[in-house]
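Colleague: I would like to learn how to read a structure feature by feature, and I hope that you can give me the general idea before each case.

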Amino acid sequence: MIRCTTPWGDLELTRFPHDPREQLRAWDAADTYLLRHLVDTRADTRPEARAAVTRTAAESGTAAGGAVDLSGTLVIVGDRWGTLSTALAAYAPTQISDSFLAQQATRANLRRNAPDAADGVRLLSTRDTPPDRIDILLVRVPKSLALLEDQLHRLAPAVHEGTVVVGAGMTTEIHTSTLHLFERILGPTRTSLAEKKARLIFCTPAPGRTRTPSPWPIRYALPDGIGAASGRTVTNHAGVFCAERLDIGTRFLLQHLPARHGPDRVIDLGCGNGVVGTAAALANPESSVLFTDESHQAVASAEATFRANADPATKADFLVADGLTGVPPDSADLVLNNPPFHSHQATTDATARRMFAAARTALRPGGELWVVGNRHLGYHVRLRRLFGSCETVASDPKFVILRAIKR
């Protein structure tokens with residue numbers, strides 16, 4: 001557990017799920033830069049607001065200088081692991097996140113650091129209806145420019161001329177295109193100087209700005225030569241991996257899906273837009289498919305893709321969760337998986353390792369896990385340790401498809 005120093009004191013923050021061996025922090029310089037900025041600028045200087053802040057600071061044991069005059073409706077978008085929501089819990093923020101894991105981390109960090117204020121923090125997904133009015137909007141710039149675009153469009157009707165809008169990100173995450181989105185959708189935008197490789201974005205909402213709908217979701221037709229899914233239409237909500245085209249790893253897996261028949265229980269683990277699970281359902285309409293992902297946008301995409309293509313008689317379930325949490329052990333016949341190897345900007349196989357272990361638990365004896373991954377990631381080593389054996393189904397210069405059977 002790593003302490004994060006903020007104007008509201010030191011916070012003990014962890015990612016979710018918590019792993020004592022994990023070296024990746026639950027916060028970064030962009031989080032702390034934004035929090036310090038809020039203290040420096042004093043968003044609300046009304047005497048009654050300053051008095052309320054002083055009382056809150058005294059009651060919580062925090063120095064009055066470390067409290068911010070944040071009055072009105074506070075909305076925090078894209079809080080990576082709940083750092084901002086935890087630090088600002090006394091102001092009853094609404095957090096909007098696409099990540100189930102980020103929401104769970106926020107809950108855990110609130111319980112640990114701000115138990116008395118935790119019930120006042122409202123957690124919404126990117127699929128939920130946002131507040132009708134926003135007075136302070138804090139945005140952690142996401143990795144996906146499309147997700148930022150979609151969320152700014154969704155939030156724009158609630159932003160007014162007096163709304164304080166501040167974005168934050170590492171310098172590698174903020175580009176000219178990022179600033180153009182704020183400018184085009186909300187109003188004039190500028191950036192701060194860099195500090196510890198982090199920057200802030202300042203946006204002034206323009207009165208009378210014409211509101212346009214989000215261009216998301218988008219749809220595209222799959223190419224031929226990829227089995228049962230050939231020529232089908234895929235739906236992609238903003239932020240889903242490879243939302244504008246079929247990625248080459250998934251294409252390779254679709255070309256080599258197992259031919260199965262009968263009432264299989266299939267799991268599309270880390271489903272993304274659901275094209276893999278939908279292809280399995282098209283190839284075997286007697287199967288039932290569980291689509292699961294930690295991204296709300298992904299599961300919404302998977303459901304739309306499945307509904308548009310599969311036989312209405314084919315059963316399907318859609319789950320936003322931490323991997324296969326809640327899935328009964330020994331209940332699945334086939335798990336299909338294209339695991340991610342990034343967590344925000346960090347490269348790690350932690351997610352893949354957890355997915356493989358969860359798949360083994362969920363599979364029945366004789367059930368199969370099929371994995372596609374870059375050859376250099378060496379997934380076969382982990383799978384052999386976990387399952388006792390692993391075979392290569394297909395490979396090309398970049399990708400390999402592996403099969404592991406639960407004995």
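Modeller: In helix 8, the residues Val275, Val276, Gly277, Thr278, Ala279, Ala280, Ala281 and Leu282 are buried, where buried means under 20% relative accessible area, exposed means over 50%, and partly exposed lies in between, with a 1.4 Å probe and protein chains only. Helices (H or I, at least four residues) and strands (E, at least two) are DSSP runs, numbered from the N terminus.

Colleague: Before we go on, what kind of model is this, and how are residues numbered?

Modeller: This is a predicted model, in which local features need pLDDT of at least 70 and side-chain atom pairs count only at pLDDT 80 or more, while totals for chains, interfaces and linings use all residues. Residues are numbered from 1 along each chain as its sequence is written, and side-chain values use heavy atoms, with hydrogens and water left out.

Colleague: Why is helix 8 described as largely enclosed, and what covers its buried residues?

Modeller: Helix 8 (residues 275-283) is largely enclosed by the rest of the structure because eight of its nine residues are buried. The cover is read from contacts, meaning heavy atoms within 4.5 Å, and it includes helix 7 (248-254), helix 9 (296-309) and strand 11 (233-236), together with strand 12 (265-269), strand 13 (288-293) and strand 15 (332-337).

Colleague: In which order do the strands of the open sheet lie?

Modeller: Two strands pair if DSSP finds at least two bridges between them, and here seven strands form an open sheet of mixed pairing in the order 14-13-12-15-18-20-19. Strand 14 (315-320) and strand 19 (391-395) are at the edges with a single partner strand each, so one side of each has no neighbour in the sheet. Within the sheet, strand 12 and strand 13 pair in the parallel sense over five bridges, and Arg265 has Ser288 in strand 13 as its bridge partner.

Colleague: How is helix 8 placed on these strands?

Modeller: Directions are compared through axes, which are lines fitted to C-alpha atoms, for helices over the stretch in contact, with angles from 0 to 180 degrees between N-to-C directions. Helix 8 lies across strand 12, strand 13 and strand 15, and runs at about 180° to strand 13.

Colleague: Are helix 5 and helix 6 roughly parallel or roughly antiparallel?

Modeller: Angles under 35 degrees count as roughly parallel, over 145 as roughly antiparallel, 65 to 115 as roughly perpendicular, and the rest as oblique. The axes of helix 5 (residues 145-155) and helix 6 (residues 176-185) come within 10 Å and cross at roughly 15°, and the two helices are therefore roughly parallel. Among the residues that make this contact are Leu148 and Leu152 of helix 5, with Leu181 and Phe182 of helix 6.

Colleague: Is Lys196 buried or exposed?

Modeller: Lys196 counts as exposed because its relative accessibility is 67%, and its phi is near 50°, a positive value in a residue other than glycine. By contrast, Asp31 in helix 1 (residues 29-41) counts as buried, at 2% relative accessibility. Leaving aside neighbours within four places in sequence, Asp31 is in contact with Thr83, Leu84 and Arg140.
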